[in-house]
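Here's a quick walk through the model, for someone who likes to know which cut-offs sit behind each value.

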Amino acid sequence: MSNPTPTIPAAAATAASSSGGAPGRTAGPASRHARRDPWWVRATLITITLLFLGLFLALPLASVMAEALRKGVGAYFASFNDSAALSAIYLTLISAALSVPTNLVFGVAAAWAIAKFEFTGKSLLISLIDLPFAISPVISGLIFVLLFGLQGWMGPWLREHDIKIIFAVPGIVLATVFVTFPFVARELIPLMQEQGTDEEQAALVLGANGWQTFWHVTLPNIRWALLYGVILCNARAMGEFGAVSVVSGHIRGRTNTLPLHVEILYNEYNFVAAFATASLLAGLAILTLVAKSAVEWQVARRRKASAAENAAEH
Amino acid sequence: MAFTFKKRSVLPGFGLTMGYTILYMSLVVMIPLSALVAKTMTVSWSQFWETVTDPRVVASYKITFGASAIAALVNGFFGLIVAWTLVRYSFPGKKIVDAMVDLPFALPTAVSGIALAALYAPSGWLGRWLDPLGIKGAYSPLGVTLALTFIGLPFVVRTLQPALEDLDAEVEDAAASLGATRLQTFWRVILPTVFPALLTGTTLAFARALGEYGSVVFIAGNVQYSTEITSLLIISKLEQYDYTGATSIAVVMLVSSFLLLLLINILQRWSGRRHSGA
């Protein structure tokens with residue numbers, strides 16, 4: 001989500017030089033004062049922010065835990081001691097384990113082609129990569145039903161050969177791959193475009209081959225963005241509901257992922273088990289946020305360090 | 001871009017990576033999507049029109065678009081306050097609050113759905129306060145709006161934050177030194193500058209809400225002609241093996257979201273021009 005606009009440093013530079021015209025740095029505190037809101041405005045806005053986020057974010061999260069533990073810790077853990085729950089966990093892990101690496105390889109390949117080379121139709125290609133983000137989950141599931149469903153394009157052929165894709169595991173994996181398709185690519189493309197090709201060219205001139213250049217030069221430069229993309233991709237892969245719901249058929253113990261298992265339990269009024277299963281996914285979400293913040297913090301630190309290095313050189 | 005580069009590059013791997021990109025994208029995205037296009041082609045115009053103007057379907061557009069619009073506006077208002085607070089003020093726990101804003105992105109929609117339903121049900125933590133007041137939180141249009149507000153929340157905040165951070169401090173100083181009050185500075189200087197970003201974020205939240213399914217179905221109650229959203233209708237058509245009906249409604253929703261995407265792109269270009277012009 002970072003916007004690598006080269007105009008920002010330039011603007012900062014002109015701002016610095018123009019304020020340098022003023023005697024010393026007296027402009028600093030005075031201007032800070034002018035931009036400081038009265039205390040009651042600050043207090044009100046901070047209160048509104050905390051109330052709004054508390055109401056809409058913290059409370060739902062807390063209610064998941066409260067509902068899950070309503071009948072005690074024993075009932076909570078008993079919810080997982082169930083073959084349907086275990087198979088849902090297994091299927092969720094399988095579909096993430098298949099969709100994340102395939103989209104990771106695609107993301108790196110697409111970013112290399114788009115960021116390191118000039119060709120016509122590049123912006124069209126970038127828009128096409130983003131396409132799955134613009135398509136709602138239910139429609140993402142629908143397209144696979146139209147393709148592989150009983151009355152779909154390939155339906156008759158698949159039935160003849162006794163291959164099941166819809167209402168079976170392959171459909172779930174395909175739908176998951178589709179909805180998580182852009183995550184890695186869209187993190188890498190802007191970063192690699194910003195980094196240019198200088199370092200890779202230098203490596204090649206020094207005698208490295210293509211793979212060596214990628215492994216030793218490009219990969220270290222993009223590893224944090226790569227990790228960031230993988231974290232987001234994984235969260236979506238494990239949590240996807242709408243698209244998977246359309247293609248799954250909800251066969252208990254066979255085609256249920258964790259989110260679908262939550263739905264079934266909830267609709268059966270088995271609330272403790274539903275919320276206990278949901279608490280696993282909520283834990284995954286919190287883990288995702290922590291990992292994401294850690295990566296963001298790391299990137300900011302490195303950016304600051306390299307800026308300081310540049311300043312020291314000049 | 002910082003430097004121009006020739007079409008002929010010394011870097012290797014263009015053929016391999018480009019070939020793989022096109023192949024994989026065709027298999028995963030383009031072929032499945034073309035199934036939708038092909039299916040649409042087989043639907044006759046009268047069939048299409050009959051399906052998408054059916055009173056029950058029209059009622060679903062009303063609740064979907066209406067609740068999405070209200071949720072986007074609520075997010076536009078509170079998102080501006082949240083973004084402003086997170087960019088301008090410091091308070092204990094700010095980093096955690098900032099990270100929490102992404103929760104609706106990270107939390108699986110089914111989990112948000114049942115959590116909100118439990119919260120606003122008549123016996124829930126919030127529902128028990130609303131119920132005596134005669135307000136139905138869950139299983140009502142209000143419930144749909146609440147769920148859509150939840151999932152749209154990060155869009156406005158995350159679009160506004162960089163815009164607020166990039167605000168030129170000197171302009172505010174100039175306004176203050178020319179005698180403007182803080183409120184005048186906000187209305188006349190700050191708001192016009194960040195307005196494109198605010199509009200982009202609100203439109204993104206609206207677009208996301210239109211296609212939302214998981215977080216809504218649990219709290220909505222799914223009453224025909226009242227709280228049945230369009231995504232749910234697509235699913236119920238599919239469950240009856242009415243592929244034609246499902247496709248027709250899907251096309252209406254897809255066209256709406258592509259038009260919104262176009263609008264967002266125009267807005268972003270506009271806000272980009274504002275930024276570089278500042």
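What follows covers a domain interface and then a helix.

First, the ground rules: this is a predicted model, where local features need pLDDT of at least 70, side-chain atom pairs count only at pLDDT 80 or more, and totals for chains, interfaces and linings use all residues. Residues are numbered from 1 along each chain as its sequence is written, chains are lettered from A and ligands numbered from 1 in the order in which they are written, and side-chain values use heavy atoms, with hydrogens and water left out.

Chain A splits into domain 1 (28-68) and domain 2 (73-313), with bounds from an automatic or database domain assignment. Their C-alpha centres sit 32 Å apart. Domain 1 of chain A puts 6 residues into the contact and domain 2 of chain A puts in 8, contact being heavy atoms within 4.5 Å.

Together the two domains of chain A bury about 550 Å², 82% of it on carbon and sulfur atoms; buried area is the accessible area (1.4 Å probe) that two parts lose on being put together, summed over both. On the domain 1 side, Val64(A), Glu67(A) and Ala68(A) lose the most area, together 71% of what that side buries.

Now over to chain B. Helix H12 (residues 230-239) has 9 of its 10 residues buried, so it is largely enclosed by the rest of the structure. Buried means under 20% relative accessible area (1.4 Å probe, protein chains only), and helices are DSSP runs (H or I, at least four residues), numbered from the N terminus. Among the buried residues of H12(B) are Leu232(B), Ile235(B) and Lys237(B). Just after H12(B), Tyr241(B) takes a positive phi of about 55°.

Note on methods. Buried means under 20% relative accessible area, exposed over 50%, partly exposed in between (1.4 Å probe, protein chains only). Helices (H or I, at least four residues) and strands (E, at least two) are DSSP runs, numbered from the N terminus.
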